[in-house]
Amino acid sequence: MKIKSVFDVSEIKSELESAGINPNFAYPIWKYVIRNPNCVWDEIPSLPSPAYSLLHSKFKPLTSSLHSLFHSTDGATSKLLIKLQSGALVEAVIMRYDTRLGKYRGNPRLGGLRSTLCISSQVGCKMGCKFCATGTMGFKNHLTSGEILEQLVHASRLSDIRNVVFMGMGEPLNNYSAVVDAVRVMTRPPFQLSPKRITISTVGVVHAISKLHNDLPGINLAVSLHAPVQDIRCQIMPAARAFPLEKLMDALRAFQKNSQQKIFIEYIMLDGVNDEEQHARQLGELLKTFEVVVNLIPFNPIGSSSQFRTSSEEKVSSFQRILRETYNIRTTIRKQMGQDISGACGQLVVNQPDSNKPPRSVELITDIEDLHL
Ligand code: SF4
């Protein structure tokens, strides 16, 4: 029998309820497991006695385990390879920031070290984006809400996680109900992350974007746009055929109207494909009536067979300049982080870093929270 994750919110609550136990006992159970992931159920104090036999028969504190852990050379990035009950592996990446570095609105920053966790929502992905390592795996499975939350439990043992971004393996909006359940748990005790510090990234699953704000108010939306016109989108992201650009922009307009929130636009820079001046102007025209932050992402090569090359620094800077100066669009350039452990964007695929290769050094990323102000 498949043992359930205690973090699978609908399972634990309905099992407690069916056993005549108040479902809110899920909260002290989670709190105890987060602190003591290797616990046995009898150690948890003050549960109603039928709860112990229920937990013993149907649940495990954690159904996944930390299979391997890789740290980048500067310690800023750690990749967790997590083994699910099925034996499948998924990846999560911790990115650490020192908030004392740099300034915010001209003043020194408050705070200290904090971390963002990039989380996976599926094993593999069926969207097949051509620049993405995960896309090459194909789709294997949806994660349950418990398996999504367990990534946070494993990561929290290594770092104080303040932000969560669904930018790991998988298209989160294709696993909608599990992602919604997981985010709801994350924003309540004992995790208690602020919705403002959780970002869901999508290639643009239009019907799901339309209901996201109602289901998860306050959550940030990031859209992997990657091209300003439908033709190029379809060329590099085959799934875009199902989500015409015009319909996607309508859904984003409605999301913004309802949520009154900025939308984060992810744009991977591919040499000669989507990085020319005309593309910057088309993107500016497309976005000029929106409140957005555009994040330009220099392409991370995913092996010598890749059909794409990274855009030059000059092209990336001039693309940024056009968006900023002509269209007054806030535009950042994502710095590379974690490349030596395949933990950078578009590199999440279950392959272990090549131990024969000396790791490349990584730079500290621009703080992702800067995007959330
Ligand atoms: S970029 Fe995201 S949506 Fe596209 S294949 Fe990779 S994981 Fe899937």
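Which residues touch the most other members of the largest nonpolar core? Of the 95 residues in that core, they are Leu117, Leu152, Leu221, Ile265 and Met269, where a nonpolar core is a set of buried Ala, Val, Leu, Ile, Met, Phe, Trp, Tyr and Cys residues joined through C-beta atoms within 7 Å. The largest share of this core, seven residues, is supplied by helix 5 (residues 176–186). Because domain 1 (4–60) and domain 2 (65–372) both contribute residues, the core lies between them; these domain bounds come from an automatic or database domain assignment.

This is a predicted model, in which local features need pLDDT of at least 70 and side-chain atom pairs count only at pLDDT 80 or more, while totals for chains, interfaces and linings use all residues. Residues are numbered from 1 along each chain as its sequence is written.

**Overall make-up**

- The protein has ten helices and 16 strands, taken as DSSP runs numbered from the N terminus (helices are H or I with at least four residues, strands are E with at least two).
- Of its 373 residues, 45% count as buried; a residue is buried if 20 or more other C-beta atoms lie within 10 Å of its own, exposed if 12 or fewer, and partly exposed in between, with C-beta atoms placed from the backbone.
- Among contacts between residues at least 6 apart in sequence, 69% join residues at least 24 apart, a contact being two residues whose C-beta atoms, placed from the backbone, lie within 7 Å.

- Isoleucine 265 in strand 14 stands opposite valine 223, and its bridge partner in strand 15 is valine 294.
- Valine 223 counts as buried because it has 23 C-beta neighbours inside 10 Å, and, leaving out residues up to four places away in sequence, it touches Thr202, Gly204, Leu252, Ile263, Ile265 and Glu266.
- Valine 223 and phenylalanine 264 are 41 residues apart in sequence, yet their C-alpha atoms are 6.2 Å apart in space.
- Methionine 269 is in contact with Asp275, Leu296, Ile297, Pro298, Phe299, Ser311, Val316 and Phe319, again leaving aside neighbours within four places in sequence.

**Strands 3, 4 and 5**

- Strand 4 (residues 77–83) has five of its seven residues buried, and it pairs in the antiparallel sense with strand 3 (residues 65–71) over six bridges and with strand 5 (residues 89–98) over seven bridges.
- Serine 68 has leucine 81 of strand 4 as its bridge partner, whereas lysine 83 is partnered by leucine 89 in strand 5.
- The hairpin of strand 3 and strand 4 has five residues between the strands, and glycine 75 takes a positive phi near 75° there.
- The hairpin of strand 4 and strand 5 has five residues between its strands, with glycine 87 in the turn showing a positive phi of about 95°.

**Helix 4**

- Leucine 149 is placed in helix 4 (residues 145–156) and is buried, because 27 other C-beta atoms lie within 10 Å.
- Apart from residues up to four places away in sequence, leucine 149 touches Phe7, Ala182 and Val185.

**Ligand surroundings**

- Of the 13 residues around the ligand, Cys125, Met127, Cys129, Cys132 and Gly135 come nearest, a residue being near if its C-beta atom, placed from the backbone, lies within 6 Å of the molecule.
- This shell divides into six nonpolar, six polar and one charged residue, where Ala, Val, Leu, Ile, Met, Phe, Trp, Tyr, Cys and Pro count as nonpolar, Asp, Glu, Lys and Arg as charged, and the others, Gly among them, as polar.

**Backbone features in loops**

- Proline 189 and proline 190 are joined by a cis peptide bond, with omega about 0°, and proline 190 lies in the loop between helix 5 and strand 12 (198–202).
- Histidine 226, although not a glycine, has a positive phi of about 65°; this residue belongs to the loop between strand 13 and helix 7 (230–236).
- Asparagine 328 has a positive phi near 55° and lies in the loop between helix 10 (313–326) and strand 16 (330–333).
- Histidine 226 counts as buried, with 23 C-beta neighbours inside 10 Å, whereas asparagine 328 is exposed, with 10 other C-beta atoms within 10 Å.

Key:
Pairing = 2+ DSSP bridges.
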